[in-house]
Amino acid sequence: MIVKSLDHLNLISKKISDHLSKKDCIFLIGEIGVGKTTFTRNLINNLQEAKDLKPTEVLSPTFNLLYEYDIKDLKIMHYDFYRIKESKELNHLGLFSEDQDTIKIIEWPDLIKTPLKDKLEIYLNYAASDDEREMKIVGFGKWKNFKNEL
């Protein structure tokens, strides 16, 4: 699908945020600057607005690896693994321990080999126009047929 504008990207993130629940995982795949963090910002801000909270600033966690957002009964873990070079470096993060009741949004998830039940993979690529992006959505578990809702 072609994402035609920032408003269109926000609409897609809103539809996804309406279906998110604890233990869901979103993988964001695409080149630097293609819109992964912008998508995440929209998604988190949409969740905050739905819970009557003021939208907060959502930054790229490239240097920190992780930013956490508490949205009333939801906890969002926003990871960026751009600087991670080996999968063993991920072991210390406890990403998928059974006791975590969080929503995980992961940029640059290439090194993750753990199979996940309810996962949404979002591929973003540059399109012909500077304002447009190509987006491909692949769902697993409860997300399997989600792209039909867009």
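Contact here means heavy atoms within 4.5 Å. This is a predicted model, in which local features need pLDDT of at least 70 and side-chain atom pairs count only at pLDDT 80 or more, while totals for chains, interfaces and linings use all residues. Residues are numbered from 1 along each chain as its sequence is written, and side-chain values use heavy atoms, with hydrogens and water left out.

**Stop 1: I76.** Select I76. Leaving aside neighbours within four places in sequence, I76 is in contact with I44, L47, Y67, E68, Y69, I71, I103 and I105.

**Stop 2: the cores.** I76 is among the residues with the most contacts inside the largest nonpolar core, alongside I16, I26, L43, L120, I122 and M135. That core has 26 residues. (A nonpolar core is a set of buried Ala, Val, Leu, Ile, Met, Phe, Trp, Tyr and Cys residues joined through side-chain atoms within 4.5 Å; buried means under 20% relative accessible area, exposed over 50%, partly exposed in between, with a 1.4 Å probe and protein chains only.) α2 gives the most to this core, with four residues. Now select I29, L65, F81 and L95: they belong to a second, separate core of twelve residues.

**Stop 3: the sheet.** Switch to cartoon. Seven strands form an open, mixed sheet in the order β1-β7-β6-β2-β5-β4-β3. (Helices, H or I of at least four residues, and strands, E of at least two, are DSSP runs numbered from the N terminus; two strands pair if DSSP finds at least two bridges between them.) β1 (2-3) and β3 (66-71) stand at the edges with a single partner strand each, so one side of each has no neighbour in the sheet. Next, select β2 (residues 25-30) and β5 (residues 103-107). They run parallel, joined by four bridges. I26 stands opposite I105 in β5.

**Stop 4: the salt bridges.** The whole structure holds five. (A salt bridge is a side-chain nitrogen of Lys or Arg within 4 Å of a carboxyl oxygen of Asp or Glu.)

- Select K142 and D24, which meet at 2.7 Å, N to O. K142 lies in the segment after β7 (133-140) and D24 in the loop between α1 (6-17) and β2, so the pair ties together parts 118 residues apart in sequence. K142 is partly exposed at 41% relative accessible area; D24 is buried at 1%.
- Select K51 and D73, a salt bridge at 2.8 Å, N to O. K51 sits in the loop between α2 (36-50) and β3, D73 in the loop between β3 and β4 (74-80), 22 residues apart.
- Finish at E121 and K119, whose closest N and O atoms are 3.0 Å apart. Both E121 and K119 are buried.
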